[in-house]
Amino acid sequence: MMKRYFLHLFYKEWLKTRWAFLGTLLLGTATILYIFIAVENKITLTGAKTILLRILYDEPPVIYYASFLYIPLLTALAIGIAQYVPEVIQKRIRLTLHLPEKNNILISGMAGFGLILLTLSNLLYIGLFLYYNIRLFPEELTKPVMISLTPWLLSSYIAYNFIAMIAMEPNKWRKVIYSVIAYYILQLFLVGNEPHGAFRESLPIMTLMVLLSSGLVLYSSQRFYKGEK
Amino acid sequence: MLTKIIRIIAVLFAVIAAATVLPQLYYTTFPPEGRSSHKNICYSEILGDFIISEYIYSTDKKQATGQTVCYDRHGKSYSRDSVARLLLLDNVSQLAYEGRFPDTICGIAVTPELVSSEAFSQYHSAQPGLYYGLCELRDQKSYTTRTLEPRDLFRITPEGIQFIVCATNQIDEEKSRLFTNCLTAADFRFPALRMWTSPDKNISEAIGYYVIDSKNELYCLSMNQSVPAVQKLEKPDSRNIRNITFGKSPDIRAILNTENGNMYIQHPDQSYTRLELPDSLRKSGRLTGNLFYRIFTLPAQNQQTTFVFDRNFRLVDSCTLYFQPQPQNTAGIFGEFLFPFHIGQTAWEGFYADWSPVKRFLWLNLALAGITLFYKRRNGYRLSNPFVITDILFVTIFGIYGLMGISAFPLKKSREEILNSQSPEL
């Protein structure tokens, strides 16, 4: 019975988010392809060794993947907005909340679906990036670059969880306050322009923040359900 | 219950956001520090003593002005003109331009060109720098022909040295085998723990790399006309090497730090001289040199010690310069009252929380906790409720951030609390 609920719920969420998800996935894929086309172009123009030495040891470092910075965030924004905003504005979310199942489970199911989509898109980005990076560069560069990308990928989960929380919040002033908090929390994740492999020490705390943020939507959904102002 | 636990997490997020941005905004608007006096120290080869120059600010009629005063360790003052004549090696360009540069200094015939050619300055870090384990080994003769210009970078793995051709990202098996055999013959134990070379291309070509093998032995690896050259080097002492910087002067091949904080100069003949410096572990410094001396400057908290060595690295003199701690202005003191800590992150050390002195922020935190307690009580919250206690604890510890957090995410009253707060009206 429970399984059927979730299948129906996931199908409903898929119908809402598919175009946003596929659109941002296309944009993300195109960005990664563009990054490596640009790298290959530079290799042709100046030589592979020169480019590799510049990427490794130039000061300030050459962050050839800088245009990827906001892609996971954009994916999270697109999925989150498509999933929650129209449904909350048009009050259709009330139908979901009045199904004969615990609200927390239903909202967790909705958020879980969004997080699964985000994980899929992030895995695709990582896979595509790794494929090209390993093809062009040695592992000594690939490992630190992946560490540099991790906070950007984690930022997508923070953004999604806060979007869900903000969308479900019934009080518009509190929406503003939550948005400000989300903005400054995201600032901690969207760090760049440092040598490859930087912010390695921040990753455990960032991961903990992502895990803790996954329940935030339940706080405002409860307020929404109770009609609190 | 679950919602209330999640609310605590939300409050913590609000605290983190506030502790990140509020101090930043505040200290940008009200800078906590005013102007500081700038001090510099030089060693006079004429006096055989240090001369300290200090730029002193004074505020007169709200107009900030400053002047440079020069004095020695005994407090004797010198005019700027006399300082130029006492620090001949530091003012060579100006004196030569004015035609006042002498023919001899301390009985040695000198020319401006000779003095300039002997001057150098370099930074030595006690901590190893950025290291990816992928390096370029340039041929000692690579400046003669482009055919000796390497197309690859190398790594030293547990299996041996590998040269990676950058254009194909493939390993050059033949070259790798040649170098691996040469290293093995020199008793090198793979993999390498760390490698260093000079940022100067010419020195890097001539010396190659200093490599620490898995047994913590020191080797020099270079390449001459595509043939590997490996040499096992003596270590300065039995301790492991922590960091190496290559010298910019012909009499200094390298500066080495060992893990017990000793610092050594390696000479071109590969002999070592231990510098009579205090424990230099985690201390980085600047080495400058001139015709007569080698001068090492080690900065520390509110002080800087300058050690003067002769050309044979025997200690001649040393002087510690103390900088007065910056007097805090009102904005700085108020900031410490207001903000218990601020959160930030650095690229290599991760997140940090920088706490203000407890005696500064404690009173405001306690006052805010008192206000919170009063508010909760007045609004019918049960003070034995663990979530109410948590709120008060948050405000006591996090101060203004905690108050903002619990205000952004208000605690919902329990059914019992609502009934109790309504009962007097019924």
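Two strands are said to pair if DSSP finds at least two bridges between them. Helices (H or I, at least four residues) and strands (E, at least two) are DSSP runs, numbered from the N terminus.

This is a predicted model, in which local features need pLDDT of at least 70 and side-chain atom pairs count only at pLDDT 80 or more, while totals for chains, interfaces and linings use all residues. Residues are numbered from 1 along each chain as its sequence is written, and chains are lettered from A and ligands numbered from 1 in the order in which they are written.

Chain B contains 11 helices and 24 strands. The radius of gyration of chain B, taken over C-alpha atoms, is 31 Å, well over the 22 Å that the globule rule (2.2 Å times the number of residues to the power 0.38) gives for 426 residues, so chain B is more spread out than a compact globule. The C-alpha trace of chain B spans about 100 × 70 × 40 Å along its principal axes.

Strands of a sheet pair through backbone hydrogen bonds, either parallel or antiparallel. In chain B, an open sheet of three strands has the order 8-9-10, with antiparallel pairing.

Strand 9 (residues 160–165) of chain B is joined to strand 8 of chain B by six bridges, and the two run antiparallel. D152(B) has V165(B), in strand 9 of chain B, as its bridge partner.
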